[in-house]
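Q: Can you walk me through this one? I'd like to ask things as they come up.

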Amino acid sequence: MAAAKPTPTDSLSFCLAQLMAAAGEGLGGGKDTATNETPLGRALLALRTRHVKGAGGIERFRARGGLLPLLALLRRASAAGHAPSQAGPGSAPSSVESAASAGPAPSSGPTPSVASSSTSSPPARLRKTLDLALSILANCCTEGACRDEVRRLGGILPLVTILQCVKIDSIQNRTARALGNLAMESESCRAIHSAGAVPLLVESLAACQDSQCLQSVVRTIRNLADSPQHRLALAQQGAVRPLAELLAAAPDPALTLALVRALLELSRGCSRACAEQLSLGGGLSPLVSLASHPKKAVREAAILILANLCAQGLVRPALGNAGGVEVLLGELQRRRGPSGAGPASQQPLVRAVCLLCREAINRARLRDAGGLELLMGLLRDPRASAWHPRVVAALVGFLYDTGALGRLQALGLVPLLAGQLCGEAGDDEEEGREAASWDFPEEQTPERVEAGSFRSLRSWLISEGYAAGPGDTSPDWSPERCPLPPPPEPAEQTSPDPGPALLRPPRTLRTPGRSLAAPEEPWGREGPALLLLSRFSQAPDPSGALVTGPALCGLLAYVTGAPGPPSPRALRILARLTCNPACLEAFVCSYGAALLRSWLVLGVAPDDWPTLRARPLSRHSQHRELGEMLLQNLTVQAESPFGVGALTHLLLSGSPEDRVACALTLPFICRKPSLWRRLLLDQGGLRVLLSALTRPAPHPLFLFFAADSLFCLQSLVSPTATPASPPAVPADPEVPSPCLYEPLLGPAPTPAPDLHFLLDSGLRLPAQRAASSTASPFFRALLDGSFAEAQMDLVPLRGLSPSAAWPILHHLHGCRGCGASLGPIPPPGRPLLGSEAEEALEAAGRFLLPGLEEELEEAVGHVHLGPQSGPESVGEVFRLGRPRLAAHCARWTLGPQQCPRKRALGLLGLVEAAGKETGPLTEALLAVVMEGVSGGKGPSVDC
């Protein structure tokens, strides 16, 4: 078969020449009778089908200068298609400019459209020329370089003119496609907006019937929504409602996809105008239906549109009525499942669900659909920590929903809220005023936006007749406007330290009213969590939720660790709990009272034990005052008839763990001597506590609490007298007593020794037989009795080192306090077990020298248990197994000169040294604590 004969249109140069000629001379030209086409038509057709569509064709067309004549041709075409009286060739019609400035106006009568007027309807040749030229331009604008050149050559205005003047679906389709491709560049997008194309595109949405044309127009609108300003401009010019109406008309699948993609772009950062138009256009129900569409792109776009709409309070009730709450909850649950997507895809849904909690009707739907469990799952998920502040703020909406609060408490909300008080600031973007609750839409408060939960409460009060109008309810009732404490009394104003007044909870709360404007409490990131905790604390018995280790730790960590003054609401919560008799047993059994004293009064947090952590002490005096006030509240409860019965029941009939906790807590909250004596001394509470020291600790700070409790009890037993001091040691060790053994050691001993002791090392130590026999019954029997050693001048002493024998020889010859007893004592930090000190103590006992034993124990105490000694020495001394040293260790541990942390570390060393042998430690501590009791009864303490 012969090859096809080449034609002139195969040449790009020929086609460009025809295009330039037509741009310069007009759209007519001679007609080829053989083909019934104009040369321009053949050239445009060849450009579209062969030259531009080929590989690299668009770039060659642009490089050869084809865009300039193409745009000139379009200008002539737009001028030819427009009424001659409106514009000259190559100029833009004035109606485009007016449309750009005034926006779309409703039509009040028949307008002279191009399609309906025979005078303005373009001839077939012009229509074909426009179709081909617009198709070429739209194809070229798929590349960035061509888009830039078209904008630089001013090609946007002719397209807008064609869009206005030529109302033919095919031309509108290609014009919208070209504008949509140009709108992919931000600068071109701004130019299209400035040229007034938006009202014309909106008009095309209403007038066009062709699906392809509608898809092109919808795509162009989507591309024009490239920034918040442009999205707002599109919504204000009415671009959203026609899209919603088209969606409600159940279009074909391709148009449906284009519509949801466009609405998704327009609803990003959803404005009020966008939400209103989408709702008025009937788009909510179709979007909810499309959320279950089989096509993933349509389904996900519809869900995200619903999520974006939740940013506007005015549309959320209608969205809930349409079933949006269940859709968003179901999708979020699916994405959080094992096969769900990552956290990034969950973020808009989490935000939407939290915003839905602002209206009462949606809260009810969310609660019934399992939303509370979902929100609690988010709070427990460490991967969702960025959303935790938003979730907590959403739960504030359930503040007056008793059923929901009970469910949240059962799900473990309280410890999670306490943990949020000192958590990191999450991804908490600011919500606009439009996102506020729509439960009371007519109320406008110019000064500040009131809480949605308060609006719900006020609306209910008015509907039930408790209030005549919004003015009858005080803003002080708003959760965000709780009253502050009243001014301090005159006696308190004279205090030189005004700081603690910031931490002192109010004694009475002022009745809300409109007469006085209450100062606004600080509402920081922790405000929602504190508000919910305050609501839980107002229950008749909040102990099960709030008087627990995690909840108290969270509250105390916030009070002591807040960068500025803590919120008064946190202080009121603590005061309310300690003043509630129903919480007394919980404070005892959970070691809450001990925790209050440790953290607030002593300044030792759980993180500071056993390793001390640096923390600012700028407000420690204020925290101490707060802790003492809270403990005083517990003391009032404990010493009441109810408290006495509760504590007695715990100590006598409680579980072993509760008995230990009760015995440990009593010294902190009992000041009446009759009460603590009966419970701790007469009924064995002290022995219960001491016996628990060597068992597994029921609390991480148990030993710290126990050491502090024993110290407080010792102070109660001996409130005025200092605990008995250990046996005296020389006041000045640098000036020892005269040594009586030293004269025997010189080259001319006086008197001459009549006896030598031989050690295993071969060392001979001189001695006086009479002095040695007098000092010890052992040596009296050895040297003056019937043993062979009585006749020997060189008496062997087996199993004795020189260092251990040295203090023995000094003691035998009458030395007391000469310093010889310090010789075998190792320095602090060296072990005592296996040392020469232990050998000397064992030898003093073997040789029946109780005075030497006491002197050696005094020396050990002087070296290892002095004022500068560390708590690690206590365990080393206790391991020697000496009763007097054990008492010395206990006395050092509970001494008033020790700081609380040193005292606790000393007790820890004693417990580790005692091991399973609890008897010696228990007896030593018991003896030290009871040293102030005379005849079983200590001095009376009047509280």
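Q: Good. Which helix does Leu417 lie in?
A: Leu417 sits in helix α26, which spans residues 413-420. This is a predicted model, so local features need pLDDT of at least 70, side-chain atom pairs count only at pLDDT 80 or more, and totals for chains, interfaces and linings use all residues. Residues are numbered from 1 along each chain as its sequence is written, and side-chain values use heavy atoms, with hydrogens and water left out.

Q: And pLDDT is what here, and what's the mean for the chain?
A: pLDDT is the predictor's confidence in each residue, from 0 to 100. The chain has a mean of 81, with 80% of its residues at 70 or more.

Q: Which elements have the lowest and the highest mean pLDDT?
A: Helix α5 (residues 94-102) is lowest, at 36, and helix α33 (residues 584-589) is highest, at 96. Over residues 83-120 the pLDDT is below 50, and this stretch has 37 contacts in the model beyond near neighbours in sequence. Contact means heavy atoms within 4.5 Å.

Q: How should I read the coordinates where pLDDT is low?
A: Where pLDDT is low, the predicted coordinates should not be read in detail.

Q: OK, back to Leu417. Buried or exposed?
A: Leu417 is buried, because its relative accessibility is 0%. The cut-offs are under 20% relative accessible area for buried, over 50% for exposed, and partly exposed in between (1.4 Å probe, protein chains only).

Q: What is Leu417 in contact with, leaving aside neighbours within four places in sequence?
A: Val392, Ala529, Leu532, Leu533 and Phe536. Ala529, Leu532, Leu533 and Phe536 are among the buried residues of α29.

Q: How many residues of α29 are buried?
A: In α29 (residues 527-537), 10 of the 11 residues are buried. The cover over them includes α24 (388-395), α25, α26, α30 (543-546), α31 (549-561) and α32.

Q: What about Gly412, where is that?
A: Gly412 is in the loop between α25 (402-410) and α26. Gly412 counts as partly exposed because its relative accessibility is 24%. Beyond four places in sequence, Gly412 touches Met376 and Arg380. The C-alpha atoms of Gly412 and Met376 are 8.1 Å apart, although 36 residues separate the two in sequence.

Q: Another loop residue, then: where's Asn580?
A: Asn580 is in the loop between α32 (568-578) and α33. With 16% relative accessibility, Asn580 counts as buried. The side chain of Asn580 reaches the backbone nitrogen of Ala582 at 3.0 Å. That is a polar contact (a pair of N or O atoms within 3.5 Å; within protein, one must be able to donate a hydrogen and the other to accept it, and residues adjacent in sequence count only if both atoms are side-chain atoms). Not counting residues up to four places away, Asn580 also touches Ala539, Pro540, Pro542 and Gln637.

Q: Zooming out, how many helices and strands are there?
A: The chain has 49 helices and 3 strands. Of its 943 residues, 50% count as buried.

Q: And the largest nonpolar core, which residues touch the most other members?
A: Phe61, Leu328 and Ile669, in a core of 274 residues. Helix α40 (residues 702-717) gives the most to this core, with 11 residues. A nonpolar core is a set of buried Ala, Val, Leu, Ile, Met, Phe, Trp, Tyr and Cys residues joined through side-chain atoms within 4.5 Å.

Q: How many disulfides?
A: The count is 0, where a disulfide is a pair of cysteine sulfur atoms within 2.5 Å.

Q: Last one: which residues are buried in α42?
A: Phe779, Leu782 and Leu783 are buried in α42 (residues 777-784). They lie on the same side of α42 because they cover an arc of only 85 degrees around the axis, the arc being that of the directions from the helix axis to the C-beta atoms. What covers them includes β1 (755-759), α41 (769-775), β3 (794-797) and α43 (802-812).

How values were computed: Helix = DSSP H or I, 4+ residues; strand = E, 2+ residues; numbered from the N terminus.
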